[in-house]
Amino acid sequence: RLELKDTRLDDAAKMQVLADALQFCPGLTRLELAGAHISDSHVQSLAAALRGCPKLQKLLLTDSKIGVAGVQLLTAGLADACPDLEELGLSENQLGDEGVFKLLEILPRHPRLHTLALNKNKISDAGAKALIAALATRPDFLGLSLGGNQIGDEGAQALAEALAQWPNLQIFCFDDNKISAAQVQVLAKALLHCPKLQELSLRKCHVGVTEAQALAKVVAQCAGLLRLYLSENQISALGATAMAESLRFCPELEDFRIVGNDIGNAGAEAIALELAQCPRLKVLNLGDNKIGEAGVQALGAGLG
């Protein structure tokens with residue numbers, strides 16, 4: 001495993017040093033270069049070096065400057081390399097739809113790929129639909145993160161239809177896209193096909209009371225849920241109460257964030273009543289929710 005988080009590799013010399021080093025790592029299974037600021041012009045040496053890492057299973061190149069040309073170089077390098085690749089992370093880059101189309105060219109050569117993160121890449125409905133169509137035939141697919149893109153109802157509908165094909169899905173992130181509240185309800189209904197979810201993230205997704213109630217049914221069937229992120233929606237006290245009641249079925253929950261949802265004292269009190277059912281909870285973020293003294297006291301008692 002090699003992790004170089006926030007190590008800038010933004011010039012050819014630095015990238016070549018890394019590429020040369022990778023030639024001596026045939027047993028490497030994980031490479032993480034988050035925040036490396038790798039531009040398209042430097043991807044070629046990295047892609048060539050990956051041919052010397054035949055056992056690589058996880059490749060994370062998040063928060064860089066990789067665009068269409070870089071993806072094309074990367075896919076060329078991966079086409080005949082890394083046959084065991086299981087997880088690919090390219091979030092916070094500049095792929096766009098065209099970059100997604102290039103990425104799809106190598107998917108058939110990586111049948112073991114089960115987790116894909118493409119958050120914040122300016123992907124629209126066209127790219128999302130093409131991607132989902134290519135992944136829908138993988139019943140063992142485990143994780144899809146498409147948050148912070150430009151996907152609307154059309155792409156979300158294609159995603160909803162694909163969820164029924166992924167009964168083992170563990171990670172679902174669709175934060176901050178351009179979908180309607182009605183489409184959130186469609187996604188919630190489709191997520192009932194995914195009882196093995198471990199992470200559910202729908203920040204900034206127009207989740208109101210009705211949508212929260214629909215999502216609560218999803219949460220209630222996910223006994224192994226670890227992370228639940230619903231911040232910056234319009235859940236209010238009624239939605240928070242429904243969500244709180246579902247938490248009693250999530251004994252493994254470790255991280256619950258519902259910031260900026262105007263849940264007030266009533267919502268806070270409802271959540272407080274269920275905290276004892278989540279003994280593994282490490283993070284509870286209820287900021288910016290107009291919670292007064294009564295709500296704070298209830299939360300204190302629930303956490304005590």
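1. Asparagine 121 sits in the loop that runs between β5 (115-117) and α5, and in this predicted model asparagine 121 is buried, with a relative accessible area of 0%. Once its neighbours within four places in sequence are set aside, its contacts include Leu90, Ser91, Glu92, Asn93, Gln94, Leu95 and Gly96, and they also include Gly148 and Asn149.

2. Helix α5 (residues 125-135) packs with helix α6 (residues 153-163) at an angle of about 15 degrees, and the axes of the two helices are 8 Å apart. Because angles under 35 degrees count as roughly parallel, α5 and α6 are described as roughly parallel to each other, and their crossing is left-handed.

3. As for the residues that make this contact, α5 contributes Asp125, Lys129 and Ile132, which meet Asp153, Glu154, Gly155, Ala158, Leu159 and Ala162 of α6.

4. Which residues of α6 are buried? They are Gly155, Ala156, Ala158, Leu159, Ala160, Ala162 and Leu163. The buried residues of α6 pack against α5, and also against β6 (143-145), β7 (171-173) and α7 (181-191).

5. Proline 83 is another loop residue to look at, placed between α3 (68-78) and β4 (87-89). Is proline 83 buried or partly exposed? With a relative accessible area of 45%, proline 83 is partly exposed, since the buried class requires under 20% and the exposed class over 50%.

6. The surroundings of proline 83 bring in residues from elsewhere in the chain: leaving aside neighbours within four places in sequence, proline 83 is in contact with Pro54, His110 and Arg112. The C-alpha atoms of proline 83 and arginine 112 are separated by 7.9 Å, although these two residues are 29 residues apart along the chain.

7. Turning to the protein as a whole, its secondary structure comes to eleven helices and eleven strands, and buried residues make up 51% of the 304 residues. Among contacts between residues at least 6 apart in sequence, 86% join residues that are at least 24 apart.

8. On overall dimensions, the C-alpha atoms fill a box of roughly 60 × 35 × 25 Å when taken along the principal axes. The radius of gyration of the protein is 21 Å, which agrees with the value near 19 Å that a compact globule of 304 residues would have.

Key: Residues numbered from 1 in each chain as written. Predicted model: local features only at pLDDT ≥ 70, side-chain atom pairs only at ≥ 80, totals over all residues. Heavy atoms only, no water. Axes fitted to C-alpha atoms, helices over the stretch in contact; angles between N-to-C directions. Helix = DSSP H or I, 4+ residues; strand = E, 2+ residues; numbered from the N terminus. Parallel < 35°, antiparallel > 145°, perpendicular 65-115°, else oblique. Left-handed = near helix turned anticlockwise from the far one by under 90°. Contact = heavy atoms within 4.5 Å. Rg over C-alpha atoms; globule rule 2.2 N^0.38 Å. Buried < 20%, exposed > 50% of the residue type's maximum accessible area, 1.4 Å probe, protein only.
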